[in-house]
Amino acid sequence: MPERLFTCTPSKLGAYADCPRRYRYAYLDRPAPPKGPPWAHNSLGASVHTALKNWYALPADRRRPEALPALLKGTWVREGYRDDEQERAAYQRALGWLEGYVATLDPGDDPLGVERVVAVKTAVLAFNGRADRIDSRPGPDGPELVIVDYKTGRTGLDADDARGSQALALYAYAAERTFRRPCRRVELHHLPTGTVAGHDHTDESLARQLSRAEDTARDIMAAERAVTDGADPDEAFPAVAGPRCGWCDYRRTCPVGAQTPGREPWSAIDRPAAPVAE
């Protein structure tokens, strides 16, 4: 019998790469262990992403800065903040990011896709993911696709971050096959600083990222088979101890993670850098 394809998203692959134990808690254990409280930085990032999605849903003549307060208010996620004062400050900060960002956009430009799902199958993977934005830009031989990913957290993003992002590479690989147009350029748009970190992939660099993803999928399937055959789930899916444990949704469930002091749900909002990418 042919081996089944591993159905995955960037988040699913990233969870295992960060910590196999967290992957098990999130995707395998049923009933799933209880999560901790919602994180304010996730609420902030989700609010900004959805506001930008709704910005592009407006007719071009209504894509004006004065539309942003209503868009952000309509998508605002209130969970995780310490108090009303912190939440109000975060809202004003996010509104400033959006105003600065849309000032760089041409309201008449319509992306090829906004929050667009792209999918592809390989010999190992059945991959699907939702790209924040897919642009069509002129290239030397005709239109080319560009993957745009919005960031609202960690500062100091540069071309190495764009080059090393497996998620962006997989989006590019899948988008090229979905739309049948070349897709090599990937960009991280950091709204708090108004900076863009980009990288132009080659066939070889995309193939390397795809191979890494397939290797991760094989590791996951091997661990799942081991548990099915009677292996200890904690040994098949070991915990990776480190600073990330303080931010983990399953810290209270995990004996290893519980040894790390937990972070308050709102603590990343008052820091210059959030703990995870959005």
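**Aromatic rings, nonpolar cores and cysteines**

In this predicted model, R177 lies over the face of Y173, at 3.6 Å from the ring centre.

The contacts of F6 reach several parts of the chain. With residues up to four places away in sequence left out, F6 touches K12, L13, Y23, V124, L125, A126, A217, I220, M221 and E224. F6 also belongs to the largest nonpolar core, which holds 39 residues. Within this core F6, L125, I134, I147 and A175 touch the most other members. Two or more core residues come from each of strand 1 (6-8), helix 1 (10-18), strand 2 (113-121), strand 3 (125-139), strand 4 (142-151), helix 7 (166-179), strand 5 (183-190) and helix 8 (203-228). Helix 7 supplies the largest share of the core, with 9 residues. Another core, of 28 residues, lies apart from this one and includes A67, L71, L72 and L191. In soluble globular proteins, nonpolar side chains tend to be buried together.

Aromatic pairs were searched for in the whole structure, and 10 were found. One of them joins Y16 and Y23 in an edge-to-face arrangement, with 5.7 Å from centre to centre and 85° between the planes. Y16 and Y23 are both buried.

A disulfide requires two cysteine sulfur atoms within 2.5 Å. For C19, the closest cysteine sulfur is that of C254, and at 6.2 Å this sulfur is too far away for a bond. C248 is likewise in no disulfide, as its nearest cysteine sulfur, that of C19, is 6.5 Å away. C19 counts as buried because its relative accessibility is 13%, under the 20% cut-off.

How values were computed. Residues numbered from 1 in each chain as written. Predicted model: local features only at pLDDT ≥ 70, side-chain atom pairs only at ≥ 80, totals over all residues. Heavy atoms only, no water. Buried < 20%, exposed > 50% of the residue type's maximum accessible area, 1.4 Å probe, protein only. Core = buried A, V, L, I, M, F, W, Y, C linked by side-chain atoms within 4.5 Å. Helix = DSSP H or I, 4+ residues; strand = E, 2+ residues; numbered from the N terminus. Contact = heavy atoms within 4.5 Å. Phe/Tyr/Trp six-rings, centres within 6.5 Å; stacked < 30°, edge-to-face > 60°. Lys NZ or Arg CZ within 6 Å of the ring centre and 35° of its normal.
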